[in-house]
Amino acid sequence: MRRRWRAAVAVTVAALLTLTSCSGGQGAGQSPQASGRKKVEVFSWWTGPGEADGLKAMKGIFEKNNPGLEFFDAAVAGGSGDKARALLTTKLQAGTPPDTFQGHAGAELQGYIKAGQLEPVTFLYDELKLRDVLPKQLVDQISVQGEIYSVPVNIHRSNVMWFNPALLKQAGVTEVPRTIDEFVAALEKVKQTGKVPLAIGSEWTMVHLLENVLLGSLGTDAYNKLWTAGSDWSGPAMTKALNDFKTILSYAGDPADDWQPAAKQVADGQAAFTIMGDWAYGYFHNPPNGGLGKKSKTDFDWAPSPGTGGTFMWLSDSFTLPKGAPNRDGAIAWLKVAASKEGQDAFNPKKGSIPARKDADTSLYTDYLADALKDWSTNRLAGSVQHGVNVNDPWRVAINEAVGVFHTDRNVTALQASLAEAAKNSGQ
Ligand code: GAL
């Protein structure tokens, strides 16, 4: 299985290097120049069902506000952006950046800043008075020495357990599991029905699961300490957390190709649970031709992932101004839309996220999104690992490697040693 993933990534990166983008904002066969408008290349990984809807909504506002500019969609397929980032690294190193790219607020963005690949956008914060409308702790995550380096467009939540209520009922699970022990008991009951207890996707979804199990098993304080200097990766609490991970993973079905097919198993009643970020909400809820058009609370339901109630494990998608952007003015026009209330309120309800801005139109955020807005302002906070808040990219890659090996050998001692080594070498 591990080899299959490796091969898939290798093939995809090779294929990507011969392409510049996988889809186009340009109409069939028409070049941006032919349209008379100047293209703005926007790089992300939001091509898949659910993901693309939010980007499309923001593109609509961008083109309405900027008739002389054409949105060029340089998105590279693959959840969580692992494939996109591989290509982006090549492009940045070759000095051929897109006009703007999506980067996670936190340690991931700090990596681009340290490598000198980004221009500060502090001037936009002054001009648009963004410091007044964005949470200070978020702006801190994208700042270095008084300069600010990106525009956050949203807040996503990592620690969500999505489930199929009918399947739980059928399995005799009468209470939504709140602790890891209750979760394991529920998984076991589902197993007895012959259905898949836990749906998982490609390799990164296992790291996503790991961050959720670490938070649930260790608790918020200990989890948050893991990403600070001298953290304890070798002690018994970590051994217990990794054994919890092993137990939970033993209930997983065959890995699906990405997070969407795993989530679909839950929506279609083939699997009971999946632990996934709230981009899954956009996918479940958006109308067909983008989403699954499912009915919340009936076809799918949600709760904080086991053991994490009261904590919001966050991440934030933000857009950048790479040094040497071919269409710098166009990129700035995009950043202005991404920063605006109008842009964020168009993007987020479709994306399954809540706005980074504090002055959004809350009436647009209903159902799951109303829960997320409330929890974001009242819960304790923890940062995501897989989605760039707590660890820089080399550390994230090392964690992915360790989890990939674990998926084959299920050796907790070896996993713990590899994770401890990755933390030691992180240089963070
Ligand atoms: C995250 C990203 C989200 C969503 C998710 C799944 O890394 O921040 O916006 O796209 O990956 O692809």
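Guide: Helices (H or I, at least four residues) and strands (E, at least two) are DSSP runs, numbered from the N terminus. This is a predicted model, where local features need pLDDT of at least 70 and side-chain atom pairs pLDDT 80 or more, while totals for chains, interfaces and linings use all residues. Residues are numbered from 1 along each chain as its sequence is written, and side-chain values use heavy atoms, without hydrogens and water.

Visitor: How many helices and strands are in the chain?

Guide: The chain holds 18 helices and 15 strands.

Visitor: Why is the chain called as compact as a globular protein of that length?

Guide: The radius of gyration is taken over C-alpha atoms, and the globule rule is 2.2 Å times the number of residues to the power 0.38. For 428 residues the rule gives 22 Å; the chain has 21 Å, which is close, so it is as compact as a globular protein of that length.

Visitor: What makes a residue buried, and what share of the chain is buried?

Guide: Buried means under 20% relative accessible area, with a 1.4 Å probe and protein chains only. Of the 428 residues, 58% are buried.

Visitor: Which domains does the chain have?

Guide: Domain bounds come from an automatic or database domain assignment. That assignment gives domain 1 (21-156 + 315-379) and domain 2 (160-313 + 388-424). Their C-alpha centres lie 27 Å apart.

Visitor: What makes a contact, and how many residues of each domain are in contact with the other?

Guide: Contact means heavy atoms within 4.5 Å. By that rule, 33 residues of domain 1 are in contact with 30 residues of domain 2.

How values were computed
Buried means under 20% relative accessible area, exposed over 50%, partly exposed in between (1.4 Å probe, protein chains only).
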